[in-house]
Amino acid sequence: MARIRELPPDVYRKIAAGEVVERPLSVVKELVENALDAGADHIHVELEDGGRHWVRVSDNGCGINAGDIPLAFQRHSTSKLSGIEDLDQLTTLGFRGEALASLREVARIQLVSAETEGAGVEMDLEPGGQPRLRTVSSSRGTRITVSDLFHNFPVRRKFLKSARTETNRVVSWLEGIALAWWKVGFDLDHNGRSVFSYPGVDSLLERAYQVLGRETAAELVPVMGDGETATCTGLVSRSRGGGPDRRRQYFFVNRRPVREKTLMAALHNAAAPFLEKGRHPVAVLLLEVSAEDVDVNIHPMKLEIRFRDDQAAFRLVYHAVAAAMGNQTAFPSHPGTADAPGRYSAFVRNAAWSGGADVSQAAEAGSAGNVRENLLLFPGGGPHAGGVRVLGQYRSAYIVAERNGELLLIDQHNAHERVIYDRLRRQAADQGVESAAPLFPMLIELSATERGLLAQKGEILAGLGFELEPMGGASVAVRRYPRLLAEAEVAGALREALQPAEEQVETGGDLSLAGVACKAAIKVNQPLSLLEMQRLADELFACENPEFCPHRRPILVHISLEEIEKRVRRR
Ligand SMILES: Nc1ncnc2c1ncn2[C@@H]1O[C@H](COP(=O)(O)OP(=O)(O)O)[C@@H](O)[C@H]1O
Ligand SMILES: [Mg+2]
């Protein structure tokens, strides 16, 4: 790292100043940010008594030059900034040169740092005292222990919460930062016991698995959005349940954790239509914005930022998340509709899509309205129409097949969803979706919002094969429903079709279709016969977009011969 210098007064006066040390979390935050800035790939945080007794952060980063150590604890001394213009090209988390100086005023500090293996320097600092330095042998990196926080400020010490509360704060912040820095290993210990240990990993998804747990991680889909000068990547949960609050929403701008209302609103608006009422999406979103388009210098703890163009930031996040959640905006396979995302009529009338329409309509006529039978009954698109040969089924969830010399794994649920969706679109465009009447009168309770949407979406619902009659109060009678559905699936599919319109007015039609298709599709954990699988695969490859389901989840895993031969060392 560059040498540490004192900032000239005209520079530091322009930097948002203020108290940065409030509680043990503040100490952890400043020390961990320094460790990341130092390029560490492993960071160990230890707390004693919730950090009220001491906090220690050890890293294996670049270390501090022995001659610079006392300077590091001087106010406005930093190696990360020299002129105010550098703020526009900032790549580090720190820049104010204040943290270590603030810490030495309110706590006892011990530091060991080495730029090269073995050649370390140790320093003890008492508040108000002079640094005492001596050489020691230590591994490369820096270890800072901050003890007896606020021992000289009894009133502020009283504001500290219980050890458990202070620890929880550290845990949530550290988990957040760990998500954005997945290559870095993070360990947290409290009172000598491990709270968590996340080794560095190669992808955000793997880190999400460590931090959010297996179940949540399994529901995450990738988010990818490109703006003109910014990108938004990350993960969002496709679970309809989401989370009960916004606690598992993580936003980073240039890998700096932020709570920023534009970003939160964009996520909410894009995801809410796919979630049950009152639930919140789980998401990790990383924005990369050119440093000049974002101002990080408005809050001493740097939690707040300001976008130069927050409309643009909103749009970027909104579209990236909506595409990930299944919005047709990002549907790539219909050139005619790419510019007019998802306009229902334009979409369904598009003459370009043809694949096997007659075949599947014939199939529908014989359908018993039940998914399983439906699969059995629809005659495929001729013998291996798409050149696909089914070999078997893996874990009752994936069809193993061969096509164009490749080995394919086909996600059976996603594949069936795509097939049904395309069929529904064709039917809706022609004579309307085939419907069935329930054996017994069917009453469904809808929320006020859902009832409000009934009128708005009347035409779309009718096109899908629903015939509904409001019964007064919350109840709606279902006279007819799409034949594809089993009766037990009708209520769920209707709710799915009644996504709040808000931002979705244009795409409402397709969303409703996708919802119905998802409900009607076979699930995983369903054993299928070879014949059933062959038919499904044939019909899948008659679709224009066999790669993605209507919700934009991938359907296929391609494994090339070359890949296989490499693995068995035949090449
Ligand atoms: N863990 C560390 N590894 C290497 N250098 C560090 C570390 N912590 C602090 N430093 C050095 O000390 C300086 C002052 O740190 P700090 O007071 O946090 O200010 P800032 O991070 O804003 O520069 C940093 O600029 C950096 O050069
Ligand atoms: Mg710092």
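**Spaces and packing**

Modeller: In the protein chain, buried residues make up 54% of the 571 residues. Keep in mind that this is a predicted model. The chain's secondary structure comes to 20 helices and 25 strands. Among contacts between residues at least 6 apart in sequence, 70% join residues at least 24 apart.

Searching the whole structure turns up five cavities of 30 Å³ or more. The largest cavity has a volume of about 510 Å³. Its lining has 37 residues, and those nearest the centre are Met1, Asn34, Ile64, Lys80 and Leu100. By class, the lining of this largest cavity splits into 16 nonpolar, nine polar and twelve charged residues. Several elements each supply at least two residues to that lining: α2 (24-37), β3 (54-59), β4 (77-78), α4 (99-106) and β8 (141-147). Of the contributors, α2 gives the most, with six residues.

Now for α4, which is worth a stop. Seven of its eight residues are buried, so α4 is largely enclosed by the rest of the structure. The buried ones are Ala99, Leu100, Ala101, Ser102, Leu103, Arg104 and Val106; Leu100 is also one of the residues that lie nearest the centre of the largest cavity. As for what surrounds the helix, the buried residues of α4 pack against α2, α3 (69-72), β5 (108-116), β6 (119-125), β8 and α5 (154-158).

His76 sits in the loop between α3 and β4. Its phi is near 55°, a positive value in a residue other than glycine. With 15% relative accessibility, His76 counts as buried. Phe150 is in the loop between β8 and α5, and it too is not a glycine although its phi is positive, at about 60°. Phe150 has 1% relative accessibility, so it counts as buried.

Next, the packing. In soluble globular proteins, nonpolar side chains tend to be buried together. Here the largest nonpolar core has 63 residues, and the ones with the most contacts inside it are Val28, Val32, Leu36, Ile43, Val45, Leu174 and Phe186. Helix α6 (residues 163-180) provides the largest share of this core, eight residues. The core draws at least three residues from each of domain 1 (5-200) and domain 2 (205-325). To see it from one side chain, take Val28: setting aside neighbours within four places in sequence, Val28 is in contact with Val45, Leu47, Val55, Val170, Trp173 and Leu174. There is also a second, separate core of 41 residues, which includes Leu81, Ala230, Ala313 and Phe314.

On to the open spaces. The largest pocket holds about 1,200 Å³ of space. It is lined by 34 residues, with Ala218, Glu219, Asp411, Asn414 and Arg553 closest to its centre. Where is this pocket in terms of domains? Domain 2 (205-325) and domain 3 (344-559) both give residues to its lining, so the largest pocket lies between them. The elements that each supply at least two lining residues are α7 (204-212), α8 (214-218), β11 (220-226), β20 (406-411), α14 (412-429), α18 (508-520) and β25 (556-559). By class, the lining of the largest pocket has 20 nonpolar, five polar and nine charged residues.

The second largest pocket contains about 570 Å³ of space. It has 21 lining residues, and Ser172, Trp173, Arg247, Tyr250 and Arg259 lie nearest its centre. Two or more of the lining residues come from each of α6, α7, β13 (249-253) and β14 (256-258). The largest share, eight residues, is from α6, the helix that also gives the largest share of the 63-residue core. Trp173, listed above as a contact of Val28, is one of the residues nearest the centre of this second largest pocket. The lining here divides into twelve nonpolar, four polar and five charged residues. It draws at least three residues from each of domain 1 (5-200) and domain 2 (205-325).

Key:
Residues numbered from 1 in each chain as written. Chains lettered and ligands numbered in written order. Predicted model: local features only at pLDDT ≥ 70, side-chain atom pairs only at ≥ 80, totals over all residues. Heavy atoms only, no water. Core = buried A, V, L, I, M, F, W, Y, C linked by side-chain atoms within 4.5 Å. Buried < 20%, exposed > 50% of the residue type's maximum accessible area, 1.4 Å probe, protein only. Helix = DSSP H or I, 4+ residues; strand = E, 2+ residues; numbered from the N terminus. Domains from an automatic or database assignment. Contact = heavy atoms within 4.5 Å. 1 Å grid on protein atoms, 1.4 Å probe; cavity = no way out; pocket = protein on both sides within 12 Å on 5 of 7 lines; lining within 4 Å. Points joined across faces, edges and corners; volume = space filled by probe spheres on them. Nonpolar A, V, L, I, M, F, W, Y, C, P; charged D, E, K, R; others polar.
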